[in-house]
Amino acid sequence: MTEFRSVVAATGEPQGDAFAVHGPADVAEACAKADAAFDVYRATDRETRAAFLERIADEIMAIGDPLIEAYIAESGLPRGRGEGERGRTCGQLKMFADYVRKGLWQQLRIDPALPDRAPLPRPDLRLRMIPVGPVAVFGASNFPLAFSTAGGDTASALAAGCPVVVKGHPAHPITGALVAQAISKAVADAGLPEGVFQHLVGPSNELGSALVQDPRIMAVGFTGSRGGGLALAKLAAARDVPIPVYAEMSSINPVLLLPEALKARGEALGTAYIGSLTMGAGQFCTNPGLILAIEGEGLDAFVTAAEAGVTQAQPQTMLTTGIAAAYAKGVEALEGNPGVDLVGKGADGSTTTGGAIVFRTTAAKFLADKAMGHEVFGASSILVVCQDEAEMVELLKGLEGQLTATLHMDAADEAIAARVLPVLERKVGRILANGWPTGVEVSHAMVHGGPFPSTSDPRTTSVGSMAIDRYLRPVSYQNLSDGVLPPELRDGAKGDGAPRLIDGVLTL
């Protein structure tokens, strides 16, 4: 295949002009440019880099309505979602700009020499974080803006000082091309080398494989399926010089309905649950795919409200026909599973749409059948009824790693919540109370990550200012003179305004 076209999500029909498919030669050229730009870009001062990130946000906003129209057509998502996602994309770029200016990410540390220390003197030691090198970013299907061409992976890598080579997602090439043009314009206007940002497109897996295997790529950011993430991680690990793959993959995000909360507001919880489940056709990585409740008062009201809500739900356009087909296959497998009962379902989907569905089972049956715990990407969810707290804890201990867990609780539930919390901490990256997991705040305290298979590295996050840490590594300098040291580590520089840890004391 030498070219491909954008597809209208609602109809499955092609639209617009054809895009040329990039191949191995294009990958090599893009990576060479990124490598050549690395030392120039990583040497930029904090203000220059921050202003560049803000310039990207401004250029994306300047595209105006054509970007939103392309987003709607290619994703099937509504205008409000597109405008909100554009705002989030630009907001996280500006958050990183502010974070870069403050310099905390550099983790500057100085341990002055102690020549008279006995029995041995201490050398002068200074440390800073530096960017790892060119980064490959894979655009996500379910967030054509916030997790794609200029999404969190790209923003955090650029903030760290790493050139980025993006493999645009083939489900939204027009959206990706518009954003890529905006970033490239910001690169040129900032006077930076062209290789700071490169954009490759094509529907084949070979393109992504070639990108990950290029020796000039030093890290990978990925959001997508477990199969895709593991395939990239395997390729990266088999290189002559292995590199990290920060992959967000699979999660069913358990929601615990604790007894007193369920008793007090079972009906309201059931209604809100379906609202969260069906948002965006259920195509959120934080979708509530698993509900846990202890048999007792309020459960019937919850089930009745959930049944009413899901029955009224209309099919929604899914991101691609492939995702719609995979969703239908996953739902069919659950419908044919003798261990689950149907709570309710909405109208059936089609080749381009997916309908909502809710199942019910017992904790004993769930524990006996690992297939029930597999993610079905879409508006499908299972209610698991537990006999008591001990059975709920046993089930939680058997779960795979997750992005989120949610506690619906009242004051009288605090004791059980406190007992369950240590179990959840070992299983998830974010724990919520009295909310729904669909919705990720871009902030300094956010973790969007978790134990495998929700992500490939539970020590990291793909959202929030800590995401920059994925693309940095520490370097220590021993007994270097001021004339050779990086400016921010010199005695007279005072960190250029950045905080420094001097002999274990934080100095602002």
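Modeller: Happy to! Let us start with a pair of strands: β5 (residues 135-138) and β6 (residues 164-167) run parallel and pair over four bridges. Within that pair, valine 137 stands opposite valine 166 of β6. A word on sources: this is a predicted model, in which local features need pLDDT of at least 70 and side-chain atom pairs count only at pLDDT 80 or more, while totals for chains, interfaces and linings use all residues. Residues are numbered from 1 along each chain as its sequence is written, and side-chain values use heavy atoms, leaving out hydrogens and water.

Strands here are DSSP runs of E with at least two residues, helices are runs of H or I with at least four, and both are numbered from the N terminus; two strands pair if DSSP finds at least two bridges between them. The pair belongs to an open sheet of five strands, in the order β7-β6-β5-β8-β9, with parallel pairing. At its edges are β7 (197-200) and β9 (245-248), each pairing on one side only. From one strand to the next, the twist averages 15 degrees.

Now for the packing. Helix α8 (residues 226-237) packs on the sheet and touches β5, β8 (219-223) and β9, where contact means heavy atoms within 4.5 Å. The direction of α8 makes about 175 degrees with that of β9; axes are lines fitted to C-alpha atoms, for helices over the stretch in contact, and angles run from 0 to 180 degrees between N-to-C directions.
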